[in-house]
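Welcome! Please take a look at the structure below before reading on.

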Amino acid sequence: MKFPRVHTLKEVSEIIDSKFVGEESFPILGMNEIHVVEEGDIVFVDHPKYYDKALESKASVVLINKTVECPEGKALLVSDDPYRDFNKLTRHFRPFQSSSMAISETAEIGKGTIIQPNVFIGNHVTIGENCMIHPNVTIYDHCIIGNNVTIHAGTVLGSDAFYYKNRPEGFDKLLSGGRVVIEDYVDIGASCTIDRGVTGDTIIKTHSKLDNQIQIGHDTVIGKKCLIASHVGIAGCVVVEDEVTMWGQVGVTSAITIGKKAVILAQTGVAKSLEGGKTYFGSPAEEARDKLKQMALVKKIPEILEKLKKN
Amino acid sequence: MKFPRVHTLKEVSEIIDSKFVGEESFPILGMNEIHVVEEGDIVFVDHPKYYDKALESKASVVLINKTVECPEGKALLVSDDPYRDFNKLTRHFRPFQSSSMAISETAEIGKGTIIQPNVFIGNHVTIGENCMIHPNVTIYDHCIIGNNVTIHAGTVLGSDAFYYKNRPEGFDKLLSGGRVVIEDYVDIGASCTIDRGVTGDTIIKTHSKLDNQIQIGHDTVIGKKCLIASHVGIAGCVVVEDEVTMWGQVGVTSAITIGKKAVILAQTGVAKSLEGGKTYFGSPAEEARDKLKQMALVKKIPEILEKLKKN
Amino acid sequence: MKFPRVHTLKEVSEIIDSKFVGEESFPILGMNEIHVVEEGDIVFVDHPKYYDKALESKASVVLINKTVECPEGKALLVSDDPYRDFNKLTRHFRPFQSSSMAISETAEIGKGTIIQPNVFIGNHVTIGENCMIHPNVTIYDHCIIGNNVTIHAGTVLGSDAFYYKNRPEGFDKLLSGGRVVIEDYVDIGASCTIDRGVTGDTIIKTHSKLDNQIQIGHDTVIGKKCLIASHVGIAGCVVVEDEVTMWGQVGVTSAITIGKKAVILAQTGVAKSLEGGKTYFGSPAEEARDKLKQMALVKKIPEILEKLKKN
């Protein structure tokens, strides 16, 4: 998430009322979580275990809860609660704007695109040309949709990441300021839900096709020419490479990678990264032929027991 | 479900055109199913197997299909079809009112609450302060929502219980007159469905957080500070105690209890009540470490077969 | 899918700019996929493996990519790309009509039917008497709904089939020109999605009851008096016979048959046709008692290993 203009370290420290280490005029371009952070960005860290990772990341500014040594060419924002203050920045730079109209005046909609009745299109949404948006679709603020995209009825793009910090007084939500980006020639079925990124983008790449009732978590990237069947649930921060096929009711845990051309059979539960080019089955997922062999072997247990009785 | 005012036994018997046993002026406060029935209420029973349970329950009035001995201090409504007549009472006391407006004039909406476009809010709904109701949400009549609640797009609160009696001529629906109650600081993701209680309340307690596409059945109670991931389905009349965590695509059968702080791993199928404080996996659910051990043991079968061949 | 009037072979060949074999005046009544094709219809075939099946089917006209011998009493449409040209016909005979109103003027709605706010009803939809359509429901063009049907909030009827041909340049969608047909006394829960047929009908037969968040694929037929619990996903071209029960989160693969009165326990994955009258469990599905026996046997492996150690 980039800021609308470059801000200085001093300006940002005033927004969150924090101390800072570095030049007052140190330029800041945006803010991002650790897995998508870029040069010029703020990243936040509040656990000593992850200090080094944050300080050594591409981030130019680290929002941290201890005055550590500042790496060369970087700056620090020092706060007693970086998580809270990162949320404060999201609220400042991406404030929620309520909508009085079903289709915001700030939305840009391309030529030849059909918007059916009862659709909600939020602020600063961009939709390309020759798209078809069916009834009762919801597109939250800042989403970006390419050309020749079809979205079936009841689908929701851009709902918040499911991401909470467990505090004694209750779960504290990490606010979502990111986007959903749907590339050209993507089809999305009915009643799908695609959460936006926390600071980055949830992306469905070109020519991928999604069936109905699919859930895609925040910051997940679906590659090109993927086929995803209904009731598949993919958690946050997953990378699905190109030409992956997932059959119905597959579940995928967060922050893993599914390799190119992998095929994941129905109801499989993916609990860790999978190599591409193979077929998987089971919960947790194994190579399908191994899993099916194991299931056949279980049927031999009565015979084994019989033999042992004789011995 | 309480009646809007106290009714007499005679009045109620006239509504359903039944006989009664007891004083004409015997006061009736409401009606409820057996698992939530309270003093002053009518309960219904139509199978001899459950007569004693109903007669010994807290109910003050038993709607029954046989003239049995009336317990001290109680009354009977005697009908040839208590199920039909219980529905008749629901229809009488909680009649469906169609809505001509998307937001009913009888809905009460608290200060600071934002209602986005295309939301439906039914009759007699109460929404507290500082809530955020995203587009295309449906809130049926009589639902109650606390303060600081967020509901994402496409979610449905208050649809009917999935509850039918199998009659020769077809399934006969038990009508739903209950409510959905969402307590303070609850977040509900996009495209969730939460059915109302049949006569009681389906409740999501304070500080619980639900991801997208979750299904919660009628009369189920979700405790405080629970975390529920996407595509979880929980049937009716379930008690989920406080601080339970359920990962994606978990399924829970009806009328069981999941103990405090239980953790239920993804795709687990819960077929009976579970003790709190433990981690579960598998379909049907077992303690996760047991289940994973079993899965590892299956891989030893080829070795066992090898050994047996040698013997 | 029948044409609005009888067309001649010559007329149709001009629509798709193809050659033909047969009398110019050969009458054509409609077009259908192979599994639902009837006399008078066009069927398409583009793979030599399926030529015979198409030529021997009930179709009167075969749209084919080779000039083969024309069977007696039939005709051919010869095209270099029958899939593309079948889509061209669907586009011609069932063109998408965008809607400017939430309820189309061409929709017919029966007496006593209640349509709640924010519902979308497309062109040429027919809804019978005494139905209840709750808020935010979407009913695409040409759907047919009987009498005494209840549809809960957020449900989508008539979205496109999930059916693509994998071309080098991307997935090429088979256009959907079929319908969804909901018979009398059907209840459909909240946020279900039911795709229409490609050329035929997706049908839910009388007295069947669907819970929330169910997915039904294109051309699938659900029999009479079926009970389907939430999060069940049924792929396309499935036949579910009468009085089948499916518990929560069951998945069913495409183009199979589930026999009358089968009971399918929660989370089961149905990968092939199942005989009626039995109870099934597991993924892939087996008879429940066999599957549960196998699961019990796995727990004997430690004992087997112990015994082998002693031998």
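## About the model

This is a predicted model, in which local features need pLDDT of at least 70 and side-chain atom pairs count only at pLDDT 80 or more, while totals for chains, interfaces and linings use all residues. Residues are numbered from 1 along each chain as its sequence is written, chains are lettered from A and ligands numbered from 1 in the order in which they are written, and side-chain values use heavy atoms, with hydrogens and water left out.

## How the chains are related

## Where two helices meet

Helix H5 (residues 301–310) of chain A and helix H5 (residues 301–310) of chain C have axes that come within 11 Å and cross at roughly 35°. Here, helices are DSSP runs (H or I) of at least four residues, numbered from the N terminus; axes are lines fitted to C-alpha atoms over the stretch in contact, and angles run from 0 to 180 degrees between N-to-C directions.

Ile301(A), Ile304(A), Leu305(A) and Leu308(A) in H5(A) meet Ile301(C), Ile304(C), Lys307(C) and Leu308(C) in H5(C), with contact meaning heavy atoms within 4.5 Å. The residues of this contact are seven nonpolar, no polar and one charged (Ile and Leu count as nonpolar, Lys as charged).

## Cysteines

Zero disulfides are found over all chains, a disulfide being a pair of cysteine sulfur atoms within 2.5 Å. For Cys237(B), the nearest cysteine sulfur is that of Cys143(B), 17 Å away. Cys237(B) counts as partly exposed because its relative accessibility is 23%, and Cys70(B) counts as partly exposed at 25% (partly exposed lies between buried, under 20% relative accessible area, and exposed, over 50%, with a 1.4 Å probe and protein chains only).
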